[in-house]
Amino acid sequence: MAELNFETVNAEIEALNLEELEKKMPLRADVGVAAIPSFLCEIWSKIGGIIKLIAKFPFLPPKWRKALELLIRTMDGLC
């Protein structure tokens, strides 16, 4: 596993095709609640606020913020 630092995280984020992931999001959301492990939504309900707060930090690179916003929309849609 790569070291967790700005450079490695940024490389992973920059490699994401967020537009493609956004196109797939409704398809995954349609799988239904039964396919989502209940603990996933339980965890999201507890820590989702932290992720939402972090996504608002103005010093985040724009693509990082967009990636977090996609995660937030996906998790909110599922849970």
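Which residue forms a salt bridge with glutamate 19? In this predicted model, the partner is lysine 66, with the closest N and O atoms 3.1 Å apart; a salt bridge here is a side-chain nitrogen of Lys or Arg within 4 Å of a carboxyl oxygen of Asp or Glu. Because glutamate 19 sits in helix 2 (residues 18-29) and lysine 66 in helix 4 (residues 62-78), the pair ties together parts that are 47 residues apart in sequence. Both ends are partly exposed: glutamate 19 has 45% relative accessibility, and lysine 66 has 31% (buried means under 20% relative accessible area, exposed over 50%, partly exposed in between, with a 1.4 Å probe and protein chains only).

The structure holds two salt bridges. Lysine 52 and aspartate 76 also meet through their side chains, at 3.3 Å from N to O. Lysine 52 is partly exposed at 32%, as is aspartate 76 at 39%.

As for the chain overall, four helices and zero strands are found, where helices (H or I, at least four residues) and strands (E, at least two) are DSSP runs numbered from the N terminus. Buried residues account for 20% of the 79 residues. Of the contacts (heavy atoms within 4.5 Å) with a separation of 6 or more, 67% join residues 24 or more positions apart.

Residues are numbered from 1 along each chain as its sequence is written, and side-chain values use heavy atoms, leaving out hydrogens and water. Since the model is predicted, local features need pLDDT of at least 70 and side-chain atom pairs count only at pLDDT 80 or more, while totals for chains, interfaces and linings use all residues.
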